[in-house]
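Work through the exercises below with the sequence and the model side by side. Each task is followed by a solution in steps.

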Amino acid sequence: MEEKLIQRLESAVARLESLSIGSQSRDIDVDAIAASTDPSIIAFDEFLTEYVGKVTSAAAKIGGQVQDASNVVHEAFSVQKELLVKIKQTKKPDMVGLGEFLKPLNEKIMKAISMTEGRRSDFFNHLKAVAESLTALAWIAYTGKDCGMNMPIAHVEESWQAAEFYNNKVLVEYRNKDSNHVEWARALKELYVPGLRNYVKSHYPLGPVWSATGSAVSAAPKAPAPPKAPAPPPPPPASLFIPESSQPSSSRPKEGMAAVFQEIGSKPVTAGLRKVTDDMKTKNRADRAGFVSAGEKEVRASVPSVSKVGPPKFELQMGRKWVVENQIGKKDLLIDQCDSKQTVYIFGCKDSVLQIKGKVNNITVDKCTKVGVVFTDVVAACEIVNCNSVEVQCQGTAPTISVDNSAGCQLYLSKDSLEASITTAKSSEINVLVPASGPDNDLVEHALPQQYIHTYKNGQFVTTPVSHSGG
């Protein structure tokens, strides 16, 4: 009798457990179905069909690396859709959890970037346009104004501005050669502007909305522990591990002004001074004309002059101003995350090269020597002040370029920046290189005059540059 009762109880418990598990799975399925049928997800599906479909269909006509890169675009946008669905079922994570959550998307972006590395192919501009544009998908990482990135709509627009430089190269190269490449480049642009920009503007202008009651982001599985290493050697004497704050003040080396006063106090006040003899006194000197003797000149010249150089800086201040200061011998400086409201200030750099990708409001190069600056677009002006032997290249547009109190300045202008207004003052050796009108597109160098003739005619002065003739 007791055995039958126990069997009945066990079967009842098993049924209850199965019912409980089934209800949980049904809840999960309901949440997943609700998330996938959200209006924003349905709109994203339509967006993929309309815009990503155009890119992949145009790439299929070209084939090769262009098709491979376009497939990565399709994969990246598909991953973003999956993440948008998961966001509606997931609580907002911390920064570490967010990085783990976005790892699948980051892998696709890195895959596109890896296609641009190595030996440059014939489709390098296509690959770079894809790699640069996919950074626009990082808008999904926006968590608020303090997260360190621009708002989603602005981020998408600025990411495309960086990619448009290479996309325009594709359009120029194939405009009269192959319409399939032109179709692909135009489809890629429409994918982001207006495609992705309008989608984000309609559904996520303030960033993704995480679930308040969903599950937490699961952490990455920990790697297995490595085999135990041999026992470490015995530690050094315990005095080496005493923190600095616990050491007696007399044993700690002093810093700052305290070190200066300690050094002064450790030496006699009169150390290093020579006795003034009677013939060295002014009233007894035979020469009182006020000139300095050759011996005194040698003594003064022997004192080395020390030039003060501040610490190097490379940072974005207050989200508005890029500061690049005191960079010496750095050939790989790069600013690739900027917008049209930011300015770039380059000061005290020497023997360095800075590349600015994207559009900025203003660029100032101040007190620099043997420095190269390559930028894409500038809204206001590019200013070169108090510089020596600098090279500045504009790859896009620049309405105004000014050179003040500088010597040895080379300006490289693109076709789009030929209408720039160049202002010079107190400067010499200024050469401007522009593309030639011929098919070879070699650069033609023009020297800007630094000497002028002023003649008085009809009640006013007329200024003309000096022309040098070889006759």
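**Exercise 1: The second largest pocket**

The lining of the second largest pocket consists of seven nonpolar, eleven polar and seven charged residues. Here Ala, Val, Leu, Ile, Met, Phe, Trp, Tyr, Cys and Pro count as nonpolar, Asp, Glu, Lys and Arg as charged, and the others, Gly among them, as polar. The model is predicted: local features need pLDDT of at least 70, side-chain atom pairs count only at pLDDT 80 or more, and totals for chains, interfaces and linings use all residues. Residues are numbered from 1 along each chain as its sequence is written, and side-chain values use heavy atoms, with hydrogens and water left out.

Task: state the volume of the second largest pocket, the residues closest to its centre and the element that gives the largest share of its lining.

Solution.
- Step 1. The volume is about 870 Å³. A pocket is an open set of points on a 1 Å grid over the protein atoms alone, where a 1.4 Å probe fits, with protein on both sides within 12 Å along at least five of seven lines; a cavity is a set from which the probe cannot get out, and lining residues have an atom within 4 Å of a point. Points are joined across faces, edges and corners, and the volume is the space filled by probe spheres set on them.
- Step 2. Of the 25 lining residues, Phe165, Lys169, Gln395, Ser414 and Asp416 are the closest to the centre of the second largest pocket.
- Step 3. Helix 7 provides the largest share of this lining, seven residues. At least two residues each come from helix 7, strand 5, strand 6 (369-385), strand 7 (388-394) and strand 9 (407-413). Helices (H or I, at least four residues) and strands (E, at least two) are DSSP runs, numbered from the N terminus.

**Exercise 2: The largest pocket**

Task: give the volume of the largest pocket, then the residues closest to its centre and the class make-up of its lining.

Solution.
- Step 1. The largest pocket has a volume of about 1100 Å³.
- Step 2. Its lining has 38 residues, and Met149, Asn150, His155, Glu158 and Gln337 are the closest to the centre.
- Step 3. Helix 5, helix 7 and strand 5 supply at least two lining residues each, and helix 7 gives the most, with seven.
- Step 4. By class, 15 residues of the lining are nonpolar, 13 polar and ten charged.

**Exercise 3: The cavity**

Task: which residues line the largest cavity?

Solution.
- Step 1. One cavity of 30 Å³ or more is present in the structure, and the largest cavity holds about 30 Å³ of space.
- Step 2. Thr424, Ser427, Ser428, Ile430, Leu448, Pro449 and Gln450 line the largest cavity.
- Step 3. This lining has three nonpolar, four polar and no charged residues.

**Exercise 4: Burial**

Task: how many residues of helix 6 are buried, and which elements do they pack against?

Solution.
- Step 1. In the protein chain, with ten helices and 14 strands, buried residues make up 31% of the 471 residues. Buried means under 20% relative accessible area, exposed over 50%, and partly exposed in between (1.4 Å probe, protein chains only).
- Step 2. In helix 6 (residues 124-133), ten of ten residues are buried.
- Step 3. The buried residues of helix 6 pack against helix 3 (64-87), helix 5 (103-114), helix 7 (152-174), helix 8 (179-203) and strand 5 (350-366).

Task: is Gln342 buried or exposed?

Solution.
- Step 1. Gln342 lies in the loop between strand 3 (333-335) and strand 4 (343-347).
- Step 2. Gln342 counts as buried because its relative accessibility is 4%.
- Step 3. Leaving out residues up to four places away in sequence, Gln342 touches Leu316, Gly319, Arg320, Trp322, Gln337, Val360, Asn361 and Asn362. Contact means heavy atoms within 4.5 Å.

**Exercise 5: Aromatic rings**

Task: what is the geometry of the pair Phe47 and Tyr51, and where do these residues sit in helix 2?

Solution.
- Step 1. The whole structure has 15 aromatic pairs. Rings of Phe, Tyr and Trp (its six-membered ring) pair if their centres lie within 6.5 Å; planes under 30 degrees apart count as stacked, over 60 as edge-to-face and the rest as tilted.
- Step 2. The pair Phe47 and Tyr51 is tilted, 5.5 Å centre to centre with 40° between the planes.
- Step 3. Phe47 and Tyr51 are about one helical turn apart, because four residues separate their positions in helix 2 (residues 39-62).
- Step 4. Both Phe47 and Tyr51 are buried.
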